[in-house]
Amino acid sequence: MLETPAMAAKEKEKEEEAAAAELAELLSPAAGQAAREGAAEAALALSGDAAGRRLLAGQPAALAALLELAAGPSPPAARHALGCLVNLSAEPAAREPLLAALPALLGLLPGGPACGVLANLCRERGAARRVLRGLREGGPGLEPLLQALGQPRPPPQLGPLLCNLSQLPEGRRGLLDRCRCSVQRLLPFTQYQDSVVHRRGVVGALRNCCFEYEDHEWLLSEEVDILPFLLLPLAGPEEFPEDEMERLPMDLQYLPQDKQREEEPDIRKMLLEAIMLLTATKAGRHTVREKGTYLILRELHRWEREPDVLAACEKLIQVLIGDEPGPGMENLLEVNIPEEVEQQLQRLDQEEEEEQERWRREQEERGSTPRSEEPSR
């Protein structure tokens with residue numbers, strides 16, 4: 001009987017499952033420490049591709065053994081096991097078994113790999129809610145994570161974890177805890193150069209916090225003074241006339257000639273989105289205008305090349321230089337938009353995104369990017 005491709009694939013699948021089961025046995029405590037260390041290294045290699053992750057995700061005994069090794073006394077085995085768990089946490093089939101072992105994972109915080117595992121799991125809101133509940137039940141909530149920000153080199157994965165937790169209102173409330181000065185601990189990392197992963201996560205968390213418009217006045221006050229931390233990464237080395245310079249916060253005046261803007265376009269966009277959220281209320285718009293934000297945005301617009309960042313910059317500029325909304329619409333986050341208007345706005349946003357993608361492809365084909373013009377004021 002000739003072997004068909006389907007039969008060959010089925011046979012290969014059985015062989016892979018048998019190998020994964022054998023690996024699970026080698027990871028178990030009965031295999032001995034030396035064998036377990038070798039098996040953890042093999043599991044890490046296997047988790048490097050999607051097929052390997054799916055195989056391991058189907059072995060509950062292997063996941064349990066990896067979690068045990070991750071908290072164990074052998075540094076090599078723990079390192080390999082944690083690396084494997086980080087990879088597995090990106091696999092949908094492994095998420096529920098890993099969440100079931102949440103107490104063990106929380107016990108590994110604030111270590112970097114544990115932050116990485118939980119950051120991957122917390123991409124979904126339901127999982128993020130379970131992690132937040134586990135943090136509250138097991139101790140003082142977000143405090144251990146916030147304390148880790150004070151380390152000489154915080155774990156890079158800490159930023160993404162805080163960002164994903166802050167997608168929930170309860171996560172944002174933890175970061176906006178005024179008694180613990182929580183959000184203030186995030187602010188210095190908007191210009192953190194040692195890790196773009198950590199910086200991106202922190203900026204994302206700050207952007208999410210700005211959805212809480214009840215805290216805008218406090219965030220913009222001297223107690224927090226969030227605006228200069230959002231504007232400084234967007235500022236370049238440009239010199240301003242004296243009358244314009246005096247309108248800027250002290251931290252943005254007389255910047256050095258080698259001052260560099262944030263190099264990552266997605267982070268620049270999140271910074272602009274955070275400022276845009278802070279302009280949702282009339283008081284917020286007044287404060288953002290009074291601190292010379294337009295001047296920084298004007299120079300950014302001259303410099304910027306990324307279409308989606310340019311679009312975000314232009315929208316914010318229009319809010320700052322445009323007329324104030326009419327009565328009853330002062331808080332832009334509370335305005336009720338008719339369904340047909342919302343659908344039209346979504347359609348326009350989609351068309352804008354498609355246009356930007358076409359623009360990007362054309363520039364890639366041409367190998368050049370045209371210089372944008374300054375918006376009119």
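The model is predicted. The chain has 377 residues, of which 46% are buried. Its secondary structure comprises 22 helices and zero strands.

**Whole chain**

- Counting contacts between residues at least 6 apart in sequence, 71% join residues at least 24 apart.

**Helix 11**

- Helix 11 spans residues 158-165 and is mostly covered, with seven of its eight residues buried.
- Four leucines, L158, L161, L162 and L165, are among the buried residues of helix 11.
- The buried residues of helix 11 also include G159, C163 and N164.
- The cover over these buried residues includes helix 8 (112-121), helix 9 (125-138) and helix 10 (143-148).
- Helix 12 (169-175), helix 13 and helix 14 (196-209) are also included in that cover.

**Residue Q184 in helix 13**

- Helix 13, which is part of the cover over helix 11, runs over residues 182-186 and contains Q184.
- Q184 counts as buried because its relative accessibility is 19%, and the cut-off for buried is under 20%.
- Leaving out residues up to four places away in sequence, Q184 touches W218, E223 and V224.

Methods: Residues numbered from 1 in each chain as written. Predicted model: local features only at pLDDT ≥ 70, side-chain atom pairs only at ≥ 80, totals over all residues. Heavy atoms only, no water. Helix = DSSP H or I, 4+ residues; strand = E, 2+ residues; numbered from the N terminus. Buried < 20%, exposed > 50% of the residue type's maximum accessible area, 1.4 Å probe, protein only. Contact = heavy atoms within 4.5 Å.
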